[in-house]
Amino acid sequence: MCCNENFKERNEGEKIQTTLDLNEISGMKFFDPHVHMTSRTTDDYQAMADAGIVALIEPSFWLGQPRTGADSFTDYYSTLIGWERFRSSQFGIKHYCTIGLNSREANNEKLAEQVMEILPHFMFKEGVVGIGEIGFDDQTAAEDKYYRLQLELAKEAALPVQVHTPHRDKKKGTQRSMDIAIEHGLSPYSVIIDHNNEETVKEVLDRGFWAAFTIYPFTKMGNERMVEVVKQYGSERIMINSAADWGISDPLAVPKTAYLMKQSGISMKDIELVTYGNAITAFGQSGQIDVNDFMSVKNVDQSQKFESNSILRGGQQPRVDKNSIIIS
Ligand SMILES: [Zn+2]
């Protein structure tokens, strides 16, 4: 290790290398169960693959601005099970998704009604591992209504549920999300409560739900805090994700946190569960996840096509050496 590398003293006597050293995590496999790849670039896919991410889940989400018609939802869901899955495969990453009406757009009731009609056409498709991300944003009556309707859909389809919890009034919103899921007869074991923090984790675990944590710069959880959560609660029913999207976020949050955990003395078994295994167990209840598929998607051929489109643009050659400073 050389003088240029950054180190930080965390707890007493605990010296952490703060730059991601891929050698230190080589051989580890990661599953990011919440990442919005439609908003990310091919460079992100490449970096994720290089860091050991072998599979991911892309939850249905809003676009940063409200959609104006139902067709936009249809096209978006089609992208998740079509083009985006193909794009991901071109970097050797197995792509799954969850289908749902997000909480923000549930507030446009006229449109929400139409979206509810569309959902059943997508939720039974191959690679759909749950209904999500659904739940509360502002905790309005409309959000409540469409959360409940979608829980019923999940129950009918026997699919796991990926629950988005609100940024504002998080504790109350999280409790309410769990209460309603139970009221609708869902098993807590089939419900993944997302965006937890120190304030919500205990109750989520005590009640038998899965506790997902988003490592998101500034607003949700930093990964030093995440290390402490795992030290306190262990790895049972806990998973981490990047929730990387079109905002300031980090698609390498899972491997980076794994490296931080490794340096902080968390066991490799616990790291494996929190960054890979638990997500597979939770979302695998859909019957849609076969870990053998992670390997088969590894045979990357970037000249493959999806409905006559490839990720290569006119005359481009598939990328070989990403470290080369020559861009030709
Ligand atoms: Zn999200």
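These legends go with several views of a predicted model.

View 1. Along the principal axes, the C-alpha atoms fill a box of roughly 60 × 55 × 35 Å. Of the 328 residues, 41% are buried. Residues 24 or more positions apart supply 73% of the contacts with a separation of 6 or more.

**View 2. The open sheet of eight strands.** Follow the strands across the sheet and you will meet them in the order E3-E4-E5-E6-E7-E8-E9-E10, with parallel pairing. E3 (30-32) and E10 (238-241) are the edge strands, each pairing on one side only. From one strand to the next, the twist averages 25°. As a reminder, strands of a sheet pair through backbone hydrogen bonds, either parallel or antiparallel.

**View 3. A closer look at E5 beside E6.** Here E5 (residues 94-99) and E6 (residues 128-135) run parallel and are joined by three bridges. To find one of the partners, look for Ile99, whose bridge partner in E6 is Ile131.

**View 4. Helix H10 across the sheet.** Helix H10 (residues 253-263) lies across E3, E4 (53-59) and E10. Relative to E3, H10 runs at about 130°.

**View 5. Helices H5 and H6 packed together.** H5 (residues 109-122) and H6 (residues 141-157) have axes 12 Å apart and pack at an angle of about 5°. The two helices are therefore roughly parallel to each other. On the H5 side, the residues that meet H6 are Glu109, Ala112, Met116 and Leu119; Ala142, Tyr146, Leu149 and Leu153 are their counterparts in H6. By class, this contact has seven nonpolar residues, one charged residue and no polar ones.

**View 6. Phe213 and its surroundings.** Phe213 is found in strand E9 (residues 210-214). Is this residue buried or exposed? Phe213 counts as buried, because it has 29 C-beta neighbours inside 10 Å, where 20 or more are needed. Beyond its neighbours within four places in sequence, Phe213 is in contact with Asn196, Met221, Met226, Val229 and Ile240.

Definitions and conventions. Residues are numbered from 1 along each chain as its sequence is written. This is a predicted model: local features need pLDDT of at least 70, side-chain atom pairs count only at pLDDT 80 or more; totals for chains, interfaces and linings use all residues. A residue is buried if 20 or more other C-beta atoms lie within 10 Å of its own, exposed if 12 or fewer, and partly exposed in between; C-beta atoms are placed from the backbone. Two residues are in contact if their C-beta atoms, placed from the backbone, lie within 7 Å. Axes are lines fitted to C-alpha atoms, for helices over the stretch in contact, and angles run from 0 to 180 degrees between N-to-C directions. Helices (H or I, at least four residues) and strands (E, at least two) are DSSP runs, numbered from the N terminus. Angles under 35 degrees count as roughly parallel, over 145 as roughly antiparallel, 65 to 115 as roughly perpendicular and the rest as oblique. Ala, Val, Leu, Ile, Met, Phe, Trp, Tyr, Cys and Pro count as nonpolar, Asp, Glu, Lys and Arg as charged, and the others, Gly among them, as polar. Two strands pair if DSSP finds at least two bridges between them.
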